[in-house]
Every structure is written in C-alpha cells, then in structure tokens.
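Please work through the exercises below with the sequence and the structure open beside you. Each task is followed by a solution that goes step by step.

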Amino acid sequence: MTRTISAGLLALLLSLAPGCPKGTGGGGPDGGGTSDGGGGDLPAATYLELVPLDIWGRDHADATITLGLAPTAIDEVGAGPGVALIRVAEGHPFELPVRISAPDYFETTFTVSYDGTTSADAFSVTVPDGGARAVTGEDQRTIEATDGRVFSVFAGLDHRWFAASASPPSLNDVEVYLDGEEAWASVYEDLKTATRRVTWTTWFWESDFELWRSPDHPREIEAARYPYTVMGIVDSLPGVDWKVLINRFWGDNTDYAAYLNTDTALRDKAEAAGDGFDVILQGNPTAVPLGGQYFGQPTYFAFAPRVLENPRYAGRTLHQGELGSQQQPLTTDAASYHQKATVIDGQVAFVGGMNTKSTDWDSNEHLVFDARRMTFDATNAARMDVLTRNELPELGPRKDYMMRIAGPVARDVEEILWNRFELGLAAGDMFSENATAWALDPAAPEPNGGVLTQVVATLPEPFSQMQIRESHAKALAQAEHYIYIEDQYFRAPIFEQIIVQRMLEKPDLRLIVVTKEVGTLDGGLKFTYLGDALFRELFPDRYLVLVLKTADLYTEEGIFWDTVDLHLQNIDTHSKIRIIDDRFVSLGSCNYNNRGYMYEGEMNGSVLDDGLATAVRQRVFRNIAGPGWSRQLNGDPINDFEVLKAAAADNESIMNWWKDNVGDLDAPEAEAARLQSWPDGFAYPLTFSGDYLLEVGPDMF
C-alpha cells in the first residue's frame with residue numbers, strides 16, 4: 001500500500017498528531033521524526049482508520065491512499081493490508097480529503113470531518129456523487145498498548161471491468177472453445193469423472209444429443225453411438241445425482257408447453273421420483289410488452305454485510321447506513337430462462353451458448369458437407385450420402401462458444417442454478433414434486449497460474465439481476481483499441497451511447513461486429529438497422545459488420561453433361577462473445593440485445609487476462625479470416641481491422657464471380673477456376689435494410 005500526503009498543509013501536522021503511539025514517527029509526511037521517548041503507557045486516544053477494500057469487502061493491499069492534509073499515518077501490526085491508521089488530537093477539528101486508487105479499479109474520493117470533540121458523532125464522512133461505496137464503524141480495541149476509540153471508514157473500490165452486483169472475481173483455470181466439436185468433447189471427458197453430482201441448465205434438451213463423435217461416426221450404428229449421447233452418459237453414471245433445469249415456455253403446469261423443448265426420455269425420468277435424475281421446468285414470470293418499455297430495477301446489494309464477511313472485520317460494529325452512489329433503476333422486460341451451463345461435482349463448470357441439442361454441434365471448419373452433422377436417428381445410408389457429397393446434411397453449419405472454468409467460480413455458477421432450483425421447488429414448478437434439494441459444496445481453491453474470472457447473470461424476478469449488463473457497460477467504457485462483438489443479434493440500444501462516447505474519446509478505437517442477416521419480418525430489424533446506421537454515419541472508417549458464410553463446389557463429369565453445383569450457406573452464428581483490447585473476454589448465453597441484458601435468464605463467464613484474451617482473439621480472427629489472410633494479421637488493431645475488411649470484400653467479389661459464371665463451366669473448368677480463385681475463411685460484408693415492417697419496443701426482440 002502506498003500512502004501519499006499532500007505537502008500543502010504541513011503546518012497541521014503537529015496539531016493533528018501531538019503525541020504518536022510509542023515507536024512511531026511524527027515529524028513529517030514521510031513518517032520520519034523522533035519517537036516520543038517517554039517509555040510509558042500513553043493515555044487513551046482517538047484514531048481514524050482508513051480501510052481500502054474492493055467492492056466485495058475483500059482486503060485491497062494494492063490500493064494507494066492519498067491524504068489531502070498531513071496527519072501522521074501509523075502502521076499498526078495486524079491493522080490490515082493497505083490500512084492507514086491516524087491518531088487524532090481532541091480539540092483540533094479538521095476536514096481530511098481522502099483519495100483511494102488501485103489498478104483496474106475506479107478511484108474514489110471522500111472527506112472525513114472531525115469536530116474536535118469526544119461525542120459519538122464527532123466524525124462524519126461525505127462521499128461525492130458517483131463515489132464508491134463506503135460504510136463507517138466504531139470500536140474499542142487496543143492499539144499499540146493503548147485502549148483507543150477507533151472511527152473506521154471502509155471504502156469499497158468498484159472494479160472497472162467486473163460487476164459489483166455479482167460474486168467477486170477469483171483466479172481460475174479457463175479454457176475457451178471455438179466450436180461444438182471441441183467444447184462438447186471436453187464436457188464429455190469431464191462428465192466421465194463425475195462421482196457425486198451434475199448440475200445442468202439448458203434452453204432446449206435432446207436426450208440423444210451426441211457430445212462426442214468419432215472419426216468413423218457416419219458408419220457407426222445407433223448402439224455404438226448411444227454411450228456418447230447425454231442420456232447414455234446419464235445411464236453410465238448410476239451413482240451420480242443429476243439436477244436439470246430447463247426453460248419452460250408459456251402456460252401453466254398442465255399445458256403442452258413442456259413438449260416443445262423436451263423429449264420422452266427426459267420426461268419419463270422427470271416423472272419418476274428417487275431415480276437420481278431431477279428435472280424442473282422453469283418459466284420466466286415477467287410479462288413482455290410488445291411496444292414501449294417496461295421499467296423495473298435490479299436488486300440492490302449492500303456493502304456493509306460484505307465488510308462483515310471479511311474475517312478481519314467480522315467483529316466490528318458498523319453503521320448500516322451506506323454512503324456513496326447506489327445502483328440506478330434500469331428498464332426491464334421478460335421472456336425465458338436461456339442459460340446454458342453444466343457443473344460437475346461442484347469443481348468444474350462449463351458456461352456457453354450451446355443448447356443440449358443436435359443443432360448445436362459443428363467443427364470450426366463449418367463444412368458444407370459434414371456427415372457428423374446429422375440427427376441421432378439418421379440412417380447410415382443418409383449419412384453416407386452426405387459423406388459422398390450427394391446430399392446436404394440435415395443440420396446446417398453453426399458457430400458458438402463455450403468456456404470451461406475450474407476453480408472457485410465453478411461454485412458461483414452452481415449457486416446461480418441452486419437458487420433457481422430452490423425457487424422451482426418452492427413455486428411448485430413442473431416436475432418439482434419429484435425433485436429434491438441439495439447442498440452446495442465449498443468453493444474450490446484458487447489454482448496456481450489461474451486467470452481472473454467472474455460469472456455474471458441476468459435473472460428475472462424475484463432475483464432481478466442485471467450483472468451482465470453492469471459488467472459489459474463497464475468493459476465497453478474501458479475500450480482503448482478495439483471492441484469485438486460476435487453475436488446472433490446486434491441490437492442493444494442500451495449500449496449505443498456508451499460505445500459512441502468511447503469512440504469519440506478514442507480516435508483509434510475500432511468496432512468489429514459479426515452477426516446474422518435480419519429479415520424484414522423480424523421484429524428485431526428496426527433496432528438493428530437504427531444502431532447500424534448510427535455507427536456507419538459517425539464512424540464509417542472504424543466500424544465493420546460481417547456475416548459468416550461457408551462455400552463448397554461439387555463437380556462430376558458425365559457422359560452427356562457435367563454436374564457443377566455451387567453451395568454457399570450462411571453459418572448460423574449463434575455466438576455470444578465479446579473481446580476488448582486483448583484484455584477482456586466474456587461469453588455465454590447472453591445475446592447482444594436489451595432483452596438479454598435486462599430480463600432474460602442468462603449467464604456469462606468473463607475473464608480479465610491479457611494472455612488469454614490475446615490467444616482467444618488470435619484464434620477467432622484467424623478462423624474467420626482464413627489461412628491466406630491470417631498471414632497478414634499481426635495483432636495491431638488497426639491493421640487487423642483492415643485485414644478483416646479486405647478479406648470480406650475479397651470473398652464477396654470472388655463469390656459474385658462464381659454466381660455469375662458457374663452455370664457456364666463444365667467440371668474440369670470449374671475445378672481449374674477453383675484453384676485460381678476461391679473464398680478464404682468465412683467473412684463477408686453485411687448491411688441491413690431499413691424496410692422493417694414491425695414497430696415494436698427496443699426490449700421485445
């Protein structure tokens with residue numbers, strides 16, 4: 001902890017510290033000077049204690065305290081990391097400006113006033129608008145062999161990137177997966193090690209969804225593939241307790257909504273009590289207005305209880321009235337529980353955007369013809385038709401991400417699901433009569449070499465949490481070089497002014513968006529178009545929007561005529577990932593729309609780590625740009641922006657040529673032309689039509 005004292009009012013030094021506790025300095029701003037030399041006990045004294053904490057009430061040893069006056073600071077053994085302890089002279093009133101700062105935290109300032117008396121309210125604290133949380137307290141304790149009265153100010157520094165309303169960030173081992181093939185294979189490997197409990201949540205469930213697929217997958221019969229399905233894994237772990245939460249669509253517990261996103265195998269287990277497989281179908285209770293906005297507010301959190309959870313301050317007497325800024329009311333609407341997460345034995349969590357569903361599996365090659373991208377019950381003959389490129393697969397190419405987290409955050413993930421499960425039991429949600437509660441495990445220890453990670457959620461009433469919104473708003477406002485948003489939607493008006501302001505402040509800041517086309521009948525087109533138009537007008541050379549496509553060419557020479565088929569498919573970009581400045585990565589189920597940030601049940605994992613963010617950005621950009629253009633990527637945000645822009649324009653030009661000429665080519669000519677010119681990677685330019693047909697509010701879609 002660094003302590004800086006202003007040189008402006010050194011004359012107050014003697015009046016504020018006429019007698020320092022034995023063995024401490026008292027002659028100047030550097031703590032120098034002579035000791036009292038008395039050798040005896042000092043009389044009872046009054047002390048001001050300044051305690052820098054983070055917003056979660058944890059010790060903050062990296063904080064810097066800057067004092068606007070010049071009292072003597074006393075380092076007491078055991079006072080706490082970064083704590084400043086100041087002896088105060090009775091009869092000498094003062095006002096002491098205090099500033100506390102730390103890397104990656106918002107600076108906070110406040111003023112401590114002392115009226116010079118020994119009354120109970122001799123001290124007061126003033127925190128300006130926008131200041132950090134602060135709470136005050138008093139106690140009687142021994143300080144340097146002196147019974148002293150201590151007035152304490154606990155200042156909670158708010159993090160610049162992480163949500164104060166969520167669980168505190170911690171060090172964890174994190175892996176980020178760019179596609180369903182590598183993500184679900186990792187889930188499968190960890191599931192095989194489960195011994196006690198698996199907690200699972202999804203928007204859609206298919207019991208025969210195959211998590212792992214062998215190289216010989218197209219030729220394997222159902223019996224050979226079943227052990228790799230999610231229900232096959234359930235059957236292979238008879239001693240493991242499964243707790244499954246699935247979104248419930250509209251209606252009450254007696255309608256047929258349960259059939260929309262579940263299957264018979266799941267419902268059979270849900271209806272059986274005591275089988276170690278508990279299911280709750282849970283609906284989002286908030287009504288969704290078709291137009292306008294629904295105004296609500298997130299649940300406030302109190303700083304004082306967080307201070308008392310710190311073992312160092314557990315015995316303190318605090319004044320519960322908090323000082324400083326409070327969270328402001330936010331607008332909110334409603335829809336569904338959209339979270340996708342898996343927790344294994346309370347130690348490892350997977351957080352992402354993929355459903356437990358056959359559509360949510362693809363490789364990062366996004367091949368037009370991939371025989372593994374078929375439903376479980378597809379025949380081997382149908383799979384071979386895809387393998388030989390005579391038929392397209394049943395399921396199209398798909399883009400999505402997942403994060404594996406091992407460490408304390410795994411418990412934070414499960415705690416969100418535990419709270420939902422408890423609510424479902426209390427509310428009597430569908431199938432809850434056959435389900436039982438469970439107890440959360442202690443958090444796993446922080447691993448060596450872990451990265452700073454936090455899980456954040458959007459939760460409807462009665463939780464009323466907007467943690468993802470808080471974290472992403474902070475992160476966007478910190479951007480210096482680039483903002484990368486890859487999402488199935490691009491319509492979050494709540495963030496537009498934050499991005500605009502930051503891009504005006506930072507002339508080199510680039511905004512790269514990868515999203516999907518939006519049709520004129522889509523209710524989300526209006527706000528997609530309006531947001532896109534805003535950025536294009538203000539930042540025509542610093543804003544880039546891309547769509548992902550994959551292409552293939554099928555040729556076959558015939559006796560009378562050749563077959564030449566050009567296949568160009570949009571990749572179903574189901575992603576929900578944000579990367580900022582090679583520092584911050586957040587991914588999960590939260591879409592880039594108001595609904596996902598304000599009322600939809602969502603969950604994201606966020607990491608603040610230069611190394612991991614850089615590695616993720618490199619993989620993502622290289623995958624999108626393709627092997628040829630990737631050679632020009634160098635990590636410079638301005639260069640990489642231009643490379644992606646050029647790659648997309650080149651792919652568009654090449655594909656336009658193919659569309660115009662493919663009908664005039666025989667098989668050898670087409671193959672020769674492909675060798676000469678073919679799209680590289682998956683990036684193409686994207687624009688949005690202003691001909692939207694539905695007039696709806698900004699929070700509906």
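**Exercise 1.** Decide whether glutamate 557 is buried or exposed, and find which surface patch includes this residue.

*Solution.* Glutamate 557 has a relative accessible area of 59% in this predicted model. Exposed means over 50%, so glutamate 557 counts as exposed. In the chain, glutamate 557 lies in the loop that runs between strand 24 (543-556) and strand 25 (563-570). The patch that includes Glu557 is negative, and its other members are Asp664, Asp666 and Glu669.

**Exercise 2.** Work out which residues pair with arginine 502 in salt bridges, and where the partners lie.

*Solution.* Begin with glutamate 480, which forms a salt bridge with arginine 502 in which the closest N and O atoms are 3.1 Å apart. This pair links distant parts of the chain, since arginine 502 is in helix 10 whereas glutamate 480 is in the loop between helix 9 (467-478) and strand 22 (482-487), 22 residues apart. Next take glutamate 505, whose side chain meets that of arginine 502 in a salt bridge at 3.0 Å, N to O. Here both residues, glutamate 505 and arginine 502, lie in helix 10, three residues apart, about one turn of the helix. Finally compare the accessibilities: arginine 502 is buried at 11%, glutamate 480 is partly exposed at 33%, and glutamate 505 is partly exposed at 41%. As a general point, side chains of opposite charge can pair when their charged atoms come close.

**Exercise 3.** State how many salt bridges the structure holds, and examine the one between arginine 219 and aspartate 216.

*Solution.* The structure holds 38 salt bridges. In the one between arginine 219 and aspartate 216, the closest N and O atoms are 3.3 Å apart. Arginine 219 is partly exposed, with a relative accessible area of 48%, and aspartate 216 is likewise partly exposed, at 37% relative accessibility. Elsewhere, salt bridges link Arg196, Arg197, Glu414 and Asp441 in a network.

**Exercise 4.** Explain why serine 575 counts as buried, and name the residues that it touches.

*Solution.* Buried means under 20% relative accessible area, and serine 575 is buried because its value is 0%. Serine 575 is found in the loop between strand 26 (572-573) and strand 27 (576-580). When residues up to four places away in sequence are not counted, serine 575 touches Lys399, Asp400, Tyr401, Glu486, Asp487, Gln488 and Asn591. For the whole chain, 57% of the 701 residues count as buried, and residues 24 or more positions apart account for 76% of the contacts with a separation of 6 or more.

**Exercise 5.** Identify the backbone features at proline 462, aspartate 345 and phenylalanine 431.

*Solution.* The background is that most residues other than glycine have a negative phi, and most peptide bonds are trans. Glutamate 461 and proline 462 are joined by a cis peptide bond, with omega about 10°, and proline 462 lies in the loop between strand 20 (451-459) and strand 21 (465-466). Aspartate 345 has a positive phi, near 55°; this residue is in the loop between strand 16 (341-344) and strand 17 (348-352) and counts as buried at 9% relative accessibility. Phenylalanine 431 also has a positive phi, near 75°, and is found in the loop between helix 8 (408-427) and strand 20, where phenylalanine 431 is buried with a relative accessible area of 6%.

Definitions and conventions:
Residues are numbered from 1 along each chain as its sequence is written. This is a predicted model: local features need pLDDT of at least 70, side-chain atom pairs count only at pLDDT 80 or more; totals for chains, interfaces and linings use all residues. Side-chain values use heavy atoms; hydrogens and water are left out. Patches are made of residues with over 30% relative accessible area and no salt bridge: like charges are joined within 9 Å, nonpolar side chains (Val, Leu, Ile, Met, Phe, Trp, Tyr) within 5 Å. Accessible areas come from the Shrake-Rupley method with a 1.4 Å probe; for residues, only the protein chains shown count as cover. A salt bridge is a side-chain nitrogen of Lys or Arg within 4 Å of a carboxyl oxygen of Asp or Glu. Lys and Arg count as positive and Asp and Glu as negative; His and the chain ends are not counted. The place of a charge is taken as NZ of Lys, CZ of Arg, CG of Asp or CD of Glu. Helices (H or I, at least four residues) and strands (E, at least two) are DSSP runs, numbered from the N terminus. Buried means under 20% relative accessible area, exposed over 50%, partly exposed in between (1.4 Å probe, protein chains only). Contact means heavy atoms within 4.5 Å.
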